[in-house]
Amino acid sequence: MHDRRFPAAQAHRLEDPARLEWLPPGEVLALLNIAPGEIIADVGAGTGYFALPMAGRAGNKGRVIAVDAQSEMLEWIRNKMRSAGLENIQLVHAEAESTTLPGASCDLVFMANVWHEFPNRQAVLAEAARVLKPGGRLAILDWRPDVEREAGPPLEHRIAVENCVHEMEDAEFQPVAMGNVGEYSWLVIGTR
C-alpha cells in the first residue's frame, strides 16, 4: 500500500452520515445517467457508498462490479449487500491498473475519490479503456484542490479537474461533461 491510499482501518469514516449532505449520491448518479441493464465498474469502491445506489439504478438486469484493492473494503460492501438484499453487485479484489475484468465488458467505469491516490494514472486510464464497451463512459470524481475539508486528503495530494481532463485527453478520452458536485468534489465524464 502506498501513502495516498485511504486506510481500510478508517473505513468507518466513509460511513459518516454527514457525507450524504456534502456529497449526495443522488446528485452524482443523476449526472451519470445510469440506465437499467447497464454493467458498471466502480473502481476503488470503498465501502460501497456509490456501488449500492448504482446497483439500484442498474436494476436486476444490470450489475455493478465493485473493484477494490483492499479486501476489508469489499467486506463492508458484502455486509451491506446482505442487509439490503442486493444480488447484482459482484466483488473483485484487484488494483485499478489491472482489474481482471473482461475486455469491452462495461458500459461505465466510475472512480470516486481515488484519482489522487493512483501513482500511475495513465495505466488506470488504459485499463478503463480496455474494459469499456465501445461508446462506454468513464466518470472520475475527486476532491477539489481549491476547497479544504478536514476529512479529505491533504491539498497537495489533490488534482485539479483541468489536469484530469488533460490526462483523459492524452489517453484518447473525450470529456463530455465536467463540473463541481457536492461541496468539495469535481466530476468529469468522458467517452472514447
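Predicted model: local features only at pLDDT ≥ 70, side-chain atom pairs only at ≥ 80, totals over all residues.
Residues are numbered from 1 along each chain as its sequence is written, and side-chain values use heavy atoms, with hydrogens and water left out.

**Exercise 1.** Describe how helix 2 and helix 3 cross, and which residues make the contact.

*Solution.* The axes of helix 2 (residues 25-32) and helix 3 (residues 51-58) come within 10 Å and cross at roughly 45°. The two helices are therefore oblique to each other. Their crossing is right-handed. The contact (heavy atoms within 4.5 Å) joins Pro25, Gly26, Leu29, Ala30 and Leu32 of helix 2 to Pro53, Met54 and Arg57 of helix 3. By type, these residues divide into six nonpolar, one polar and one charged, where Gly is counted among the polar ones.

**Exercise 2.** Find the buried residues of helix 5 and name elements that cover them.

*Solution.* In helix 5 (residues 121-131), Val124, Leu125, Glu127, Ala128, Ala129 and Val131 are buried, that is, under 20% relative accessible area with a 1.4 Å probe. Their cover includes strand 4 (106-112), strand 5 (132-143) and helix 6 (161-170).

**Exercise 3.** Determine how many disulfides the whole structure holds.

*Solution.* A search for cysteine sulfur pairs within 2.5 Å finds zero disulfides. Cys106 is in none, the nearest cysteine sulfur, that of Cys164, being 18 Å away. Cys106 is buried, with a relative accessible area of 0%.

Technical notes:
Axes fitted to C-alpha atoms, helices over the stretch in contact; angles between N-to-C directions. Helix = DSSP H or I, 4+ residues; strand = E, 2+ residues; numbered from the N terminus. Parallel < 35°, antiparallel > 145°, perpendicular 65-115°, else oblique. Left-handed = near helix turned anticlockwise from the far one by under 90°. Buried < 20%, exposed > 50% of the residue type's maximum accessible area, 1.4 Å probe, protein only.
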